[in-house]
Structures are given as C-alpha cells and as structure tokens.
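This report describes a single protein structure for a reader working with its coordinates. The sequence and the structure are shown first.

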Amino acid sequence: MSHNNNIFVLTELHKAAKMGMNSISFVSEKTEDSTFKDNLSFQYTQYGNLLEETNKLFENYGEIPSENNMKDKIVGWTGIQMNTINDKTTSHLADMLIQGTTMGMIEGIKLQKNYPNIENDIKNTVNHFVHFQEDSIEQLKNFL
C-alpha cells in the first residue's frame, strides 16, 4: 500500500470536509428557515467530525494536512452569492447543496474505485464519507 496514495486520499477527504463546511456556512447565512438551519448545523458537525478523523489519520503518517487554497474558498463563496441573488428560497438552497454534495459523493466513490489498496482505516473513512454524502442528499431532498 503506497504511502503516497494514502496521503492523497486523506488530502482529498480533508479538502472535501473543508469545502462542505464552507458551503454550509455560506448557505446558512442565506436562510431564515429554522428547520433547514438545524439540518445544516447537523451536516456542519458531521463534516467537522470527518475533518477531525482525517487529521488524526494524517498524524499516523507524520503529516500535516495543507489548508485549502484561499482561491477555492473565494470561488465557493462567490458561486453561492451569484446563485442566490434572485432566489434565496429554502428549495433553491437545498438544490444547490444537493448538487455540491452529489459532486462530493462522486469524488468519494472515485477514491473507493481508484485506490482499493489504501490502508483499512482510510478506506473506512472514505466509506463513511460516501455514506454521509448519500444521507445528506436524502435529508436535503425534504427541503426541495
């Protein structure tokens, strides 16, 4: 099992968790729907747990995860601002998050398929991430 593949997968999971947390933060500022905000808060916590889990796994390899590029954060923020200029309805916000979460799920599945020989603890984290993405999509469908 390649050390580099393990680090690569952890890095991708770390990026996905940060991106999910950033997106939820930006979207939650746009809604007044308390039930939706509660759901977003739960998802934010789950992404935070994933981030903690990846950080612990990085420690096993004597590595420190690099922080997400500021450009990615700005692009994410700008995209949400542009997509909510005319429509800040809960349905539209849920739709945007479903699209982003689906992209995250696809990336997770690609990691599963392309790196089958990574360490079991990392494989379990990838599996957890994919299931979390699936569950999040199902929850968000209720707000469409």
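## Basis of the values

The model is predicted: local features require pLDDT of at least 70 and side-chain atom pairs pLDDT 80 or more, while totals for chains, interfaces and linings use all residues. Residues are numbered from 1 along each chain as its sequence is written, and side-chain values use heavy atoms, with hydrogens and water left out.

## Overall fold

The protein has five helices and zero strands, assigned as DSSP runs (helices: H or I, at least four residues; strands: E, at least two) numbered from the N terminus. Along the sequence the pattern reads α-α-α-α-α.

Of the 144 residues, 40% are buried, where buried means under 20% relative accessible area, exposed means over 50%, and partly exposed lies in between (1.4 Å probe, protein chains only). The accessible surface of the protein is about 8300 Å², with 51% belonging to carbon and sulfur atoms; the areas come from the Shrake-Rupley method with a 1.4 Å probe. Among contacts (heavy atoms within 4.5 Å) between residues at least 6 apart in sequence, 82% join residues at least 24 apart.

## Helix H2

Helix H2 spans residues 34-60 and has 27 residues; the distance from its first C-alpha to its last is 39 Å, close to the 39 Å expected at 1.5 Å a residue. The expected span is 1.5 Å times one less than the number of residues. At the start of H2, a side-chain oxygen of Asp-33 comes to within 3.0 Å of the backbone nitrogen of Thr-35. Just after H2, Gly-62 adopts a positive phi of about 65°.

The buried residues of H2 include Phe-36, Leu-40, Tyr-47, Leu-51, Leu-57 and Phe-58, and also the polar Asn-39, Gln-43 and Gln-46. Their cover includes H1, H4 and H5.

## Asp-121 in helix H5

Asp-121 is located in helix H5 and is partly exposed, with a relative accessible area of 31%. Beyond its neighbours within four places in sequence, Asp-121 contacts Leu-57, Asn-60 and Tyr-61. The C-alpha atoms of Asp-121 and Leu-57 are 7.9 Å apart, although 64 residues separate them along the chain.

## Aromatic pairs

How many aromatic pairs does a search of the whole structure find? There are three, counting rings of Phe, Tyr and Trp (its six-membered ring) with centres within 6.5 Å; planes under 30 degrees apart are stacked, over 60 edge-to-face and the rest tilted. The rings of Phe-8 and Tyr-115 have centres 5.5 Å apart and planes at 45°, so this pair is tilted.

Phe-8 lies in helix H1 (residues 3-28) and Tyr-115 in the loop between helix H4 (90-114) and helix H5 (120-141), so the pair ties together parts 107 residues apart in sequence. Phe-8 is partly exposed, at a relative accessible area of 36%.

Terms used: Polar contact = N/O pair within 3.5 Å; in protein donor to acceptor, adjacent residues only side chain to side chain.
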